Amino acid sequence: MTSAAQRTDSPRTWLVTGASSGLGRALTVAALEAGDTVVAAMRRPERIGDLMAEYPKSLLPIAFDVRDTESAPTVVERAIDRFGRVDVLVNNGGVGQIGAAEEIDDARLRDMLEQHVVGPAALTRAVLPGMRARRAGTIVQMSSQGGRISFPGAGSYSAGKFALEGWSEALAGEVAPFGIRVLIVEPSRFRTGFNSADVLERAASTDAYADALGAMRTDMLAADGRQEGDPHRAARIIRDLVEADSAPLRIPLGREAVRRLRESYRRELASLETHAEASAGADFPGVPESVRPV
């Protein structure tokens, strides 16, 4: 079977959401510089006018909000009409949100889920028939270190990213027989607009959580423009993994993500081992353990 990542004689076509800034723009530039074609889906296509001027034949901007799931098939159809297929889908669109669980209302929580799992799921469903027919393709899910570990004040954001990762892990097993690969990217802080005051969503703070979350709220905004992560370096790493013959299901990006995830895995494994005997004791005595197909 031909590897999903193996380069053919023709350029790849990427469909990137949230392509107007940050990691989405960096990935768009990296793909264009490599000679690939890009469908850049974003709410404000005019923000990549400079790229359109430089790559008029290789770049197709489309106005699109990832929460508009009914339009997802149309975006994919336009990509196919222009470039013939979609080889790489990058589900990158979305913003951050801070607030204690008690401060986040239903609408704010649903918005995080719609941006970070429901929207990406709709686009993924739309590209899969073509990828299955060609028995090749890569789906890049832009998650976060917050998709594996969460922090006080970031629960609603992590809810969407945790859901995306769980959904994507199942997806990876479902589509692997068709030569399709899934790559879950888990960045820490990168120098994008994510932390800027006009992008980062913030629930109204209450006195009850002022002490617990005050420093976190300040830190999130203070990080704007000072993040250690380089979006262009990250984009090159992601592009290289897409082009490689094999890649991990998950890849953390940035020193903080590597450190925090390593610490989390070790801490959780130690906790599991500590309580393993008590946990296993919940089964009926003498009943064999379940055997599953995966």
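Start by selecting Arg260 and Glu256: the two form a salt bridge, with their closest N and O atoms 2.8 Å apart. The term salt bridge stands for a side-chain nitrogen of Lys or Arg within 4 Å of a carboxyl oxygen of Asp or Glu. Both residues belong to helix H8 (residues 255-280), where a spacing of 4 residues puts about one helical turn between them. Helices (H or I, at least four residues) and strands (E, at least two) are DSSP runs, numbered from the N terminus. Arg260 is partly exposed at a relative accessible area of 28%, whereas Glu256 is buried at 17%. Buried means under 20% relative accessible area, exposed over 50%, and partly exposed in between, with a 1.4 Å probe and protein chains only.

Before going on, note that this is a predicted model: local features need pLDDT of at least 70, side-chain atom pairs count only at pLDDT 80 or more, and totals for chains, interfaces and linings use all residues. Residues are numbered from 1 along each chain as its sequence is written, and side-chain values use heavy atoms, with hydrogens and water left out.

Next, select Glu165 and Arg148. Their side chains meet in a salt bridge at 4.0 Å, N to O. Glu165 lies in helix H5 (residues 155-175) and Arg148 in the loop between strand E6 (137-142) and H5, so the pair ties together parts that are 17 residues apart in sequence. Is Glu165 buried or exposed? Glu165 counts as buried, at 1% relative accessibility, while Arg148 is partly exposed at 31%.

Over the whole structure, a search finds 14 salt bridges. Another of them links Asp65 and Arg67, with the closest N and O atoms 2.9 Å apart. Here Asp65 is partly exposed at 23% relative accessible area, and Arg67 is partly exposed at 30%.

Now show the helices. Two packed helices are described by the angle between their axes and the distance between the axes. Select helix H3 (residues 72-83) and helix H4 (residues 106-134): their axes come within 8 Å and cross at roughly 45°. Axes are lines fitted to C-alpha atoms, for helices over the stretch in contact, and angles run from 0 to 180 degrees between N-to-C directions. H3 and H4 are therefore oblique to each other; angles under 35 degrees count as roughly parallel, over 145 as roughly antiparallel, 65 to 115 as roughly perpendicular and the rest as oblique. Ala72, Pro73 and Val76 in H3 meet Ala122, Leu123, Ala126 and Val127 in H4, where contact means heavy atoms within 4.5 Å.

For a second pair, select helix H1 (residues 22-33) and helix H7 (residues 231-243). Their axes come within 8 Å and cross at roughly 55°, and H1 and H7 are therefore oblique as well. From H1, Gly22, Leu23, Ala26, Leu27 and Ala30 meet Pro231, His232, Ala234, Ala235, Ile238 and Arg239 in H7.

Finish at Arg135, in the loop between H4 and E6. Its phi is near 55°, a positive value in a residue other than glycine. Most residues other than glycine have a negative phi. Arg135 counts as partly exposed, at 37% relative accessibility.
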